[in-house]
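Please look at the structure before reading on.

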Amino acid sequence: MIYHIKETTSTNDEARKSELHEGDVVWADFQTAGRGQRGHKWLSRHGENVTFSLIFEPHFLPVPEQFAMLEVVTVSLTELFDSYGIDTRIKWTNDIYAGDDKMVGILIEHVYSGCNLSRTIAGIGINVNQREFDPSLPNPTSMSLQTGREYSREEVLGRYVEIAMRNYALLKEGGRDRLHERYVERMYRLGERHPFALPDGTRFEGTITGAEPSGRLLVKRSDGSVGGYLFKEIEFVIQKRDI
Ligand code: BTN
């Protein structure tokens, strides 16, 4: 069931309510305190985009395999954009890019019960019809900026939920490896040589060779060694473009 509301602090907060269950969606036209990754705010213009949270209850999934939920969410977004003829890539771990520009922000929050997951809240902000962005944002884009068209937000959301629930069913039915392959195939900058930055400020050139099913990013250095990196252990270096 899709619950479409006018305004809330953050749809991820709404999605914690116990009366909501697997497959339910909270969609808000405006968030007064939209949350991004790493404690950032998520700014999205009133009524121009789709900011929502999709709820899963993956009781079957052990905590160490939680990256699989991120794969369901991200692979499904690239498939959504394929269906609109927009080519996108997954910037590890979980941003969706068109070229070097960010089109979707994702904030996934899990609730655990013992060794397994009990709830995954996939908070997703898809830039749909917004064409002007705060100049301080690094390379934002939208479906509209990519194609010059306007989109029905209801349709974008409906299509996404259908694709995501199909891929989630695949995961439940044992399709973990297939999903992981699809994640890797759609990775941003896969197989290309680019600069990276480490938390201590060191920069180096490397080539992404893939990701482990646990989520570790694999980057090959010029000396041939391959390093594995967890979230926050490495940053992409992406040129900020002038708006
Ligand atoms: C990021 O790229 O920093 C993640 C942004 C996530 C934004 C979405 S919008 C819907 C949901 N509610 C939130 O408060 N955040 C997520």
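A polar contact is a pair of N or O atoms within 3.5 Å; within protein, one atom must be able to donate a hydrogen and the other to accept it, and residues adjacent in sequence count only if both atoms are side-chain atoms. The model is predicted, with local features needing pLDDT of at least 70 and side-chain atom pairs counting only at pLDDT 80 or more, while totals for chains, interfaces and linings use all residues. Residues are numbered from 1 along each chain as its sequence is written, and side-chain values use heavy atoms, leaving out hydrogens and water.

**The ligand site**

| Residue | Polar atom of the residue | Ligand atom | Distance |
|---|---|---|---|
| Thr 11 | side chain | nitrogen | 3.2 Å |
| Arg 35 | backbone | oxygen | 2.6 Å |
| Lys 102 | side chain | oxygen | 2.6 Å |

On its own the ligand has 410 Å² of accessible area, and the protein covers 97% of this (Shrake-Rupley method, 1.4 Å probe; for residues, only the protein chains shown count as cover).

Around the ligand are 19 residues, of which Ser 10, Gln 31, Arg 35, Gln 37 and Lys 102 come nearest; a residue is near a molecule if one of its heavy atoms lies within 4 Å of it. The shell consists of five nonpolar, 11 polar and three charged residues. Here Asp, Glu, Lys and Arg count as charged, Ala, Val, Leu, Ile, Met, Phe, Trp, Tyr, Cys and Pro as nonpolar, and the others, Gly among them, as polar.

Which element gives the largest share of the shell? Strand β6 does, with four residues. Helices (H or I, at least four residues) and strands (E, at least two) are DSSP runs, numbered from the N terminus.

**The sheet**

Five strands form an open antiparallel sheet in the order β11-β10-β9-β8-β12. Its edge strands, β11 (226-229) and β12 (235-236), each pair on one side only. Two strands pair if DSSP finds at least two bridges between them. Between β10 (residues 217-221) and β11 there are four bridges, in the antiparallel sense, and Lys 220 stands opposite Val 226 in β11. In general, strands of a sheet pair through backbone hydrogen bonds.

**Two backbone details**

Trp 92 and Thr 93 are joined by a cis peptide bond, with omega about -5°. Thr 93 belongs to the loop between β4 (89-91) and β5 (95-98). Arg 38, a residue other than glycine, has a positive phi, near 55°; Arg 38 is in the loop between β2 (25-31) and β3.
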